[in-house]
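Subject: Structure handover and notes

Hello,

Please find the structure we talked about below. My notes on what was found in it follow.

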Amino acid sequence: MLLQTAPTKPTLLLFAVVVVAVWIASFMQADVGGLSILGYALPSLCFYDAAGHACPGCGLTRAAVFLLQGQVFDSLRMQPALPLFLLAGVFKHRRFSNTQPNLCRNFAVMGFVVACINLLSRTLF
């Protein structure tokens, strides 16, 4: 017989954060031009305005909004490194940090490499 345990407080908190994030994302519109909430445009990032060039992380917020809205392919097209950064966050959790201490760093490094390749491909092509 399997014993079922009640969800822990961090699990419930994470679930609540995800529910709120999905609810907020339902009011957001994401496109190549940027983000808007209920028709009001959000300000763009300072790096792009100052340098005139995108940074490796450009598109992460829009990709997260697409992902929260269930548009997986649009999310990957906007920033293919997002799943790797999400995995890095998952493996940063203390449950995994003792058994697999390098997974967080490995996924974060892979995400940065993919983000840089994405930036180069957008810039050059």
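In what order do the elements of the protein chain run from the N terminus on? They run α-β-β-β-α-α-α-α-α-α. The protein chain has seven helices and three strands, where helices (H or I, at least four residues) and strands (E, at least two) are DSSP runs, numbered from the N terminus.

Conventions: this is a predicted model, in which local features need pLDDT of at least 70 and side-chain atom pairs count only at pLDDT 80 or more, while totals for chains, interfaces and linings use all residues. Residues are numbered from 1 along each chain as its sequence is written, and side-chain values use heavy atoms, with hydrogens and water left out.

Overall figures

Buried residues make up 20% of the 125 residues in the protein chain. Here buried means under 20% relative accessible area, exposed over 50%, and partly exposed in between (1.4 Å probe, protein chains only). Of the contacts (heavy atoms within 4.5 Å) between residues at least 6 apart in sequence, 48% join residues at least 24 apart.

The sheet

The three strands form an open sheet in the order S1-S2-S3, with antiparallel pairing. S1 and S3 are the edge strands, each pairing on one side only. Two strands count as paired if DSSP finds at least two bridges between them. S1 (28-31) and S2 (34-37) are joined by four bridges. Among the bridge partners are aspartate 31 with glycine 34 and alanine 30 with leucine 35. S2 and S3 (40-41) are joined by two bridges, and serine 36 stands opposite alanine 41 in S3.

S2 and S3 form a hairpin with two residues between them. Leucine 38, in that turn, has a positive phi of about 55 degrees. Is leucine 38 buried or exposed? Leucine 38 counts as exposed, because its relative accessibility is 62%. Its C-alpha atom is separated by 6.5 Å from that of methionine 28, 10 residues away along the chain.

Helix H3 and the cores

H3 (residues 60-68) has the buried residues Arg62, Ala63, Val65 and Phe66. They lie on the same side of H3, because they cover an arc of only 160 degrees around the axis, the arc being that of the directions from the helix axis to the C-beta atoms. What covers them includes helix H1 (9-25), the strands S1 and S2, helix H4 (72-78) and helix H5 (82-92). Just after H3, glycine 70 takes a positive phi of about 90 degrees.

The largest nonpolar core has eight residues: Met28, Ala30, Leu35, Ala63, Val65, Phe66, Met78 and Leu82. A nonpolar core is a set of buried Ala, Val, Leu, Ile, Met, Phe, Trp, Tyr and Cys residues joined through side-chain atoms within 4.5 Å. S1 and H3 each supply at least two residues of this core, and H3 gives the most, with three. Another core, of five residues, lies apart from it and includes Leu84, Phe91, Cys104 and Phe107. In soluble globular proteins, nonpolar side chains tend to be buried together.

The salt bridge

How many salt bridges does a search of the whole structure find? It finds one, a salt bridge being a side-chain nitrogen of Lys or Arg within 4 Å of a carboxyl oxygen of Asp or Glu. Arginine 77 forms a salt bridge with aspartate 74, and the closest N and O atoms are 3.1 Å apart. Both residues lie in helix H4, three residues apart, about one turn of the helix. Arginine 77 is exposed, with a relative accessible area of 59%, whereas aspartate 74 is partly exposed, at 26%.

Proline 56

Proline 56 lies in the loop between helix H2 (46-51) and H3. Its relative accessible area is 25%, so proline 56 is partly exposed. Which residues does proline 56 touch, not counting residues up to four places away in sequence? They are Gln79, Phe112, Ala115, Cys116 and Leu119. Proline 56 and leucine 119 are 63 residues apart in sequence, and 5.5 Å apart in space, C-alpha to C-alpha.

Regards
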